[in-house]
Amino acid sequence: MANSTQHRVYIPTNARANHYLLAELTPNEDFYKSFSNIDCCYERIARQLFACCDEYELHNVHLLANDKLPVVRFHDESYQLETQKQMLFFYNPRYHEAHKVYYAKGEKSKKIRLLFLATGDDLRANSAHFHNKVLKVLNYLQGHLFLNQPQFKLRDHQHLTYDLFAKEKGSKESYGYKLRSLYPRYQSRQCSIPDTHAEMTYVTFSIPVSRAIKTQFQALINNNDYAKFYDYFEGLFKKACITNKLSHGAMVANGALPIVRNSKIDKNESNCEIQKLSFNTQDNQLDLKSFYQSDKLVETLHFVIVATDKDKHEIGYGRFMNQVEKTIHTMSSELSINKERQDLSVRFFQHISYPY
């Protein structure tokens, strides 16, 4: 067996954890016709959903019937913000609770989305238990409300977020993670996931286009043509990935938020807010993409690195994460970044999804 030290990544103890499940359902017309009006439909779903969640001690749950993509992030204060395409949920799992419903009066939503946010401490250790509680709620709803309806599409999302430069800011303590794959982790904790499931593991990090960066690259950002500026970062990113044996990734510098999907399910798409990135994790060929507008200077450069099957080890994704960190350090060493004052946020994602 390979040295286990190679498969352990040391992450600052002040890293922030999030865990949530998203259940999506596309009701048929008969379902909506069974209610006197569409608003009554949503209110009925909300009543039964929240009553069941109270029974199973799920304290932060939201019903979304507005066809907007939920995005969840850690924050010390609780916020729910709505944009044209997204519902943004900011919360601290240790303190924040809510049962809320979001819909436009009189408008029929294409999808019904149920968002279950984990609460409490030790989210990773308790993730299988949380997943099982959500399944009990879905079982109840399928048996009492969503009769003869299509299956839910269930997505389980977990992420760890931390500052790559935490040590430079005085946070010396760290914890060694193996970052085991979700499927075996859940199986060992009596949480049964179907064999026919999809997993995605990836990392995102962002580099703000700060005043110092603009000064450093002022020769490349004149005359409102930023192609050379973006080409520099695209080349820097690709070279660092290849050096560290990372084959799948993307730079997104068009003002949109990157969302990662499996190419067997979704294709590359974009709108004014979201850049969907599609990857085949079974393919070992180089797949490093870039998206930018040469006439638009963004405030933040977003980068994504996706784990493929060759990066998946029985012991976990610790080795992959170490390769990612080397890549980011290589890139940041070329840039005017004050590590004691500026954050470089790294977010490690694990997703598993299946029809239920």
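Which elements do the buried residues of α2 pack against? They pack against α1 (29–33), β3 (60–65), β7 (98–103), β8 (112–117) and α3 (127–144). Here, contact means heavy atoms within 4.5 Å. Buried means under 20% relative accessible area, exposed means over 50%, and partly exposed lies in between (1.4 Å probe, protein chains only). Helices (H or I, at least four residues) and strands (E, at least two) are DSSP runs, numbered from the N terminus.

This is a predicted model, in which local features need pLDDT of at least 70 and side-chain atom pairs count only at pLDDT 80 or more, while totals for chains, interfaces and linings use all residues. Residues are numbered from 1 along each chain as its sequence is written, and side-chain values use heavy atoms, with hydrogens and water left out.

Stay with α2. The buried residues of α2 are I38, C41, Y42, I45, A46, Q48, L49, F50, C52 and C53. Look at how they are spaced. An α-helix has 3.6 residues a turn, so residues three or four places apart point the same way. The length of α2 can be checked too. The expected span of a helix is 1.5 Å times one less than its number of residues. For the 18 residues of α2 that gives 26 Å, and the end C-alpha atoms are 26 Å apart, so the two agree.

Now turn to the cores. A nonpolar core is a set of buried Ala, Val, Leu, Ile, Met, Phe, Trp, Tyr and Cys residues joined through side-chain atoms within 4.5 Å. In soluble globular proteins, nonpolar side chains tend to be buried together. The largest nonpolar core here has 51 residues, and L49, L114 and F116 touch the most other members. Helix α2 (residues 38–55) supplies the largest share of this core, nine residues. Leaving aside residues up to four places away in sequence, L49 touches V61, L63, L114, F116, V137 and L141.

Next, find Y20 in strand β2. Y20 counts as buried because its relative accessibility is 7%. Which residues does Y20 touch, not counting those up to four places away in sequence? They are V72, L115, F116, L117, F130, R155, D156, H157 and H159. D225 is elsewhere: 205 residues separate Y20 and D225 along the chain, and their C-alpha atoms are separated by 41 Å.

Move on to helix α6 (residues 227–243). Its 17 residues should span 24 Å, and its end C-alpha atoms are 24 Å apart, which agrees. Buried in α6 are A227, F229, Y230, F233, E234, L236, F237, A240 and C241. The buried residues of α6 pack against β11 (198–208), α5 (211–216), β12 (248–253), β16 (287–292), β17 (300–306) and α7 (318–332).

Two of those elements deserve a stop. In strand β16 sits Y292. Y292 is partly exposed because its relative accessible area is 27%. Not counting residues up to four places away in sequence, Y292 touches A227, Y230, D231, E234, M251, A253 and N254. Y292 and M251 are 41 residues apart in sequence, yet 8.2 Å apart in space, C-alpha to C-alpha. Helix α7 has 15 residues and reaches 21 Å from its first C-alpha to its last, close to the 21 Å expected. The buried residues of α7 include F320, M321, V324 and I328.

K245 follows α6 and is found in the loop between α6 and β12. Phi of K245 is near 60°, a positive value in a residue other than glycine. K245 counts as exposed because its relative accessibility is 61%. D67 lies in the loop between β3 and β4 (69–74), and its phi is near 55°. At 35% relative accessibility, D67 counts as partly exposed.

On a 1 Å grid over the protein atoms alone, a pocket is an open set of points where a 1.4 Å probe fits, with protein on both sides within 12 Å along at least five of seven lines; lining residues have an atom within 4 Å of a point. Grid points are joined across faces, edges and corners, and a volume is the space filled by probe spheres set on the points. The largest pocket holds about 790 Å³. Of its 25 lining residues, D122, L123, R124, L160 and Y177 are the closest to its centre. Strand β10 gives the most to this lining, with three residues.
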